[in-house]
Amino acid sequence: MKKSWLQRKSKKTPSQRLTKMLDELCATIVKNRAEWRCQKCGRDREQVTMNWAHIVRRANREVRWRLDNAFCLCVGCHYWFDSSASRGDAEDFIRFKLGDEGWEKLKKDARKSRQWTVKDLEKKYEELKILL
């Protein structure tokens, strides 16, 4: 099968392309869900840039695209959330948003590990796409 121009020009693997697509899709869903308002301070996108902020770091693919692992935060609140000095306050914020059971489940699920295939990424993309 002959490759399209886009496929020939791209140096990214299908997995890398799907990861980027999933990141963009999930970020949009999280921001839309929050009506483009910071879920901590309440400012909106007219006032400040909004970020897709993760509770469990993005490197953890098991929960990277789970909607309960993300908030829409403004840049300032995202910095607050990620700073080690505020981790206790941040955990209180997480528990307030997710509840104790939700937070414990997310932590438990984040400890799972598996190799993500292109097929897994495609399936996750289709699952999230319907939420847009």
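**Entry 1: the model**

I began with the kind of model, which is a predicted one. I kept that in mind for every entry below.

**Entry 2: salt bridges**

How many salt bridges does a search of the whole structure find? I noted 17. I then looked up some of them one by one.

I started with Glu24 and Lys20. Their closest N and O atoms are 3.1 Å apart, and the two form a salt bridge. Both residues sit in helix H2, which covers residues 14-33. They are four residues apart there, so about one helical turn separates them. Glu24 has 42% relative accessibility and is partly exposed. Lys20 is partly exposed as well, at 43%.

Next I took Arg64 and Asp23. Their side chains meet in a salt bridge at 2.6 Å, N to O. Which parts does this pair tie together? Arg64 belongs to helix H3, residues 61-64, and Asp23 belongs to helix H2, so the bridge joins parts 41 residues apart in sequence. Are the two partners buried or exposed? Arg64 is buried, with 9% relative accessibility. Asp23 is buried too, at 10%. The cut-off for buried is under 20%, so both values qualify.

Then I checked Asp82 and Arg57. I found a salt bridge between their side chains, with 3.4 Å from N to O. Asp82 is in helix H4, residues 75-82. Arg57 is in the loop between strand S1 (50-54) and H3. The pair therefore ties together parts that lie 25 residues apart in sequence. Asp82 is partly exposed at 32% relative accessibility. Arg57 is also partly exposed, at 44%.

I also wrote down a network. Salt bridges link Arg66, Asp68, Lys105, Asp109 and Lys112 in it.

I turned to nonpolar side chains. In soluble globular proteins, such side chains tend to be buried together.

The largest nonpolar core here holds 35 residues. Those with the most contacts inside it are Trp52, Ile55, Trp65, Phe71, Leu73, Phe81 and Leu128. Which elements give two or more residues to this core? I listed H2, S1, strand S2 (70-74), H4, helix H5 (87-110) and helix H6 (118-129). H2 gives the most, with seven residues.

Residues up to four places away in sequence were not counted. Leu73 touches Cys38, Gln39, Lys40, Thr49, Met50, Asn51, Ala53, His78, Phe81 and Phe93.

His78 was my next stop. It lies in helix H4. Its relative accessibility is 16%, so His78 counts as buried. Beyond its neighbours within four places in sequence, His78 is in contact with Asn51, Trp52, Ala53 and Leu73.

**Entry 3: H2 against H6**

Two packed helices are described by the angle between their axes and the distance between the axes. I looked up both values for H2 and H6. The angle is about 20°, and the axes are 10 Å apart. H2 and H6 are therefore roughly parallel to each other, because angles under 35 degrees count as such. Their crossing is left-handed.

Which residues make the contact? From H2 I listed Pro14, Ser15, Leu18, Thr19, Met21, Leu22, Leu25, Cys26 and Ile29. From H6 I listed Val118, Leu121, Glu122, Lys124, Tyr125, Leu128 and Lys129.

Notes: Residues are numbered from 1 along each chain as its sequence is written. This is a predicted model: local features need pLDDT of at least 70, side-chain atom pairs count only at pLDDT 80 or more; totals for chains, interfaces and linings use all residues. Side-chain values use heavy atoms; hydrogens and water are left out. A salt bridge is a side-chain nitrogen of Lys or Arg within 4 Å of a carboxyl oxygen of Asp or Glu. Buried means under 20% relative accessible area, exposed over 50%, partly exposed in between (1.4 Å probe, protein chains only). A nonpolar core is a set of buried Ala, Val, Leu, Ile, Met, Phe, Trp, Tyr and Cys residues joined through side-chain atoms within 4.5 Å. Contact means heavy atoms within 4.5 Å. Axes are lines fitted to C-alpha atoms, for helices over the stretch in contact, and angles run from 0 to 180 degrees between N-to-C directions. Angles under 35 degrees count as roughly parallel, over 145 as roughly antiparallel, 65 to 115 as roughly perpendicular and the rest as oblique. A crossing is left-handed if the near helix is turned anticlockwise from the far one by less than a right angle, and right-handed if clockwise.
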